[in-house]
Amino acid sequence: MTIEEPLDTVLKNPMNSKSNILSAIGNTSLVQLQKVVPEGCAKSFVKLEWENPTGSMKDRAAQAMIARAEEDGRLKPGDTIVEYTGGSTGISLAMICVAKRYKLHIVSSDAFSPDKLKHMSALGAELTIVPSEGGKTTKKLILDMIAKAKEISRQPRTYWTDQLNNADSITGYHTLGEEIWKQTNGKVDAFVQSVGTAASTRGVAAILKKYNPKVKVVVAEPAESPVLSGGQPGPHKIEGVGIGFIPPLWDPNLVDEIIPVATDDAKAMTRRLAREEALFAGTSSGANVIAAIKVGEKLGPNASVVTLMVDSGLKYLSTDVYGK
């Protein structure tokens with residue numbers, strides 16, 4: 001819209017609008033960190049994935065999983081979708097189910113933000129809550145959630161997206177890799193991302209390494225549960241990552257380095273991002289930035305590192321990241 005262009009003209013112009021909510025997924029902004037990056041560090045950029053309709057990168061994966069299932073007949077009109085989730089994937093599925101008129105049954109837990117649970121419910125999802133051990137993510141909790149979703153999936157006319165085993169989600173992140181390559185004009189030396197299902201790491205890495213095999217792919221995981229690094233699983237509070245076992249979609253051949261980040265450090269960086277960069281994100285985004293800075297310090301000021309603001313801080317207002 002230009003200053004000479006009347007608002008009513010803009011509103012009537014289909015080129016300035018989206019056909020529906022699903023067409024608003026992707027094409028998120030890339031911004032450079034200004035305050036939290038130390039001197040001598042590489043230029044560090046973050047992709048604002050909260051610009052997706054439900055406020056997280058998971059919109060990309062959910063859209064891909066449902067679209068592929070529709071294409072090959074696994075998912076039919078009138079079916080119910082079921083999934084286990086810490087929240088963001090469930091919210092994304094709920095949005096798409098509203099748009100495409102599917103019913104949705106979500107298995108989640110009190111270990112995750114009440115804001116996420118309320119968001120899923122507001123979008124019409126039926127919730128089954130699995131109790132946690134002290135509000136923390138553990139291997140047992142994830143396995144209990146999976147088992148409950150599997151049980152529900154046996155009901156007639158039910159499709160289980162099964163995100164940890166569903167390779168369709170990887171394709172949803174190919175566009176994310178393409179966007180990063182284009183927005184950096186191909187000048188990206190490293191990509192950093194925390195690991196939940198590992199789909200985003202694989203999707204982005206496949207694209208960036210296709211363009212330049214020398215791009216480093218670095219992942220972050222909770223220091224309290226460093227299973228990717230060969231350690232033992234343990235409870236932590238970085239939501240959406242660190243499931244306590246090796247994700248089935250994990251591909252170590254695409255990864256150049258694994259960096260453990262403690263929950264308290266991730267929370268502290270998340271707060272710093274809000275107060276110093278005006279970037280209002282969730283805890284895994286704080287972990288991403290810590291890992292990106294460590295990579296950037298090694299690469300030096302002439303390099304460029306890209307990581308993700310995985311989701312919006314609005315999903316965590318009632319947690320101890322912001323609300324206590």
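What share of the contacts in the protein chain with a separation of 6 or more comes from residues 24 or more positions apart? I got 72%, with contact taken as heavy atoms within 4.5 Å.

**Ground rules.** I am working on a predicted model, where local features need pLDDT of at least 70 and side-chain atom pairs count only at pLDDT 80 or more, while totals for chains, interfaces and linings use all residues. Residues are numbered from 1 along each chain as its sequence is written, and side-chain values use heavy atoms, with hydrogens and water left out.

**Overall build.** I counted 10 helices and 10 strands in the protein chain; these are DSSP runs numbered from the N terminus, helices being H or I of at least four residues and strands E of at least two. The radius of gyration is 19 Å, close to the 20 Å from the globule rule for 324 residues, so the chain is as compact as a globular protein of that length. For the record, that radius is taken over C-alpha atoms, and the rule is 2.2 Å times the number of residues to the power 0.38. Along the principal axes, the C-alpha atoms fill a box of roughly 60 × 60 × 40 Å. Of the 324 residues, 57% count as buried (under 20% relative accessible area; exposed is over 50%, partly exposed in between; 1.4 Å probe, protein chains only).

**The sheet.** Next I traced an open sheet of six strands, ordered β1-β2-β10-β7-β8-β9, with mixed pairing. Two strands pair if DSSP finds at least two bridges between them. The edges are β1 (30–32) and β9 (257–261), each pairing on one side only. Neighbouring strands are turned by 25° against each other on average, direction ignored. I then checked β8 (residues 216–222): five bridges join β8 to β9, and the two run parallel. Glu-221 stands opposite Pro-260 in β9.

Helix α7 (residues 174–183) lies across β1, β2 (43–48), β7 (190–194) and β10 (304–309), running at about 135° to β2. Such angles run from 0 to 180 degrees between N-to-C directions, with axes fitted to C-alpha atoms, for helices over the stretch in contact.

**The cores.** Which residues have the most contacts inside the largest nonpolar core? They are Leu-33, Val-36, Leu-273, Val-289 and Met-309, in a core of 30 residues. By nonpolar core I mean a set of buried Ala, Val, Leu, Ile, Met, Phe, Trp, Tyr and Cys residues joined through side-chain atoms within 4.5 Å. Helix α10 gives the most to this core, with seven residues. Leaving aside neighbours within four places in sequence, Val-289 is in contact with Leu-33, Val-36, Val-46, Met-269, Leu-273, Thr-307 and Met-309. Apart from this core lies another, of 20 residues, including Ile-25 and Ala-125.

**Two residues I zoomed in on.** Is Thr-283 buried or exposed? At 2% relative accessibility, Thr-283 counts as buried. Its place is in helix α10, and, not counting residues up to four places away in sequence, Thr-283 touches Lys-237, Ile-238, Ala-266, Lys-267, Thr-270 and Val-321.

Val-37 is in the loop between β1 and β2 and is buried, with a relative accessible area of 19%. The C-alpha atoms of Val-37 and Ile-293 are separated by 6.5 Å, although the two are 256 residues apart along the chain. Beyond four places in sequence, Val-37 is in contact with Ala-42, Ser-44 and Ile-293.
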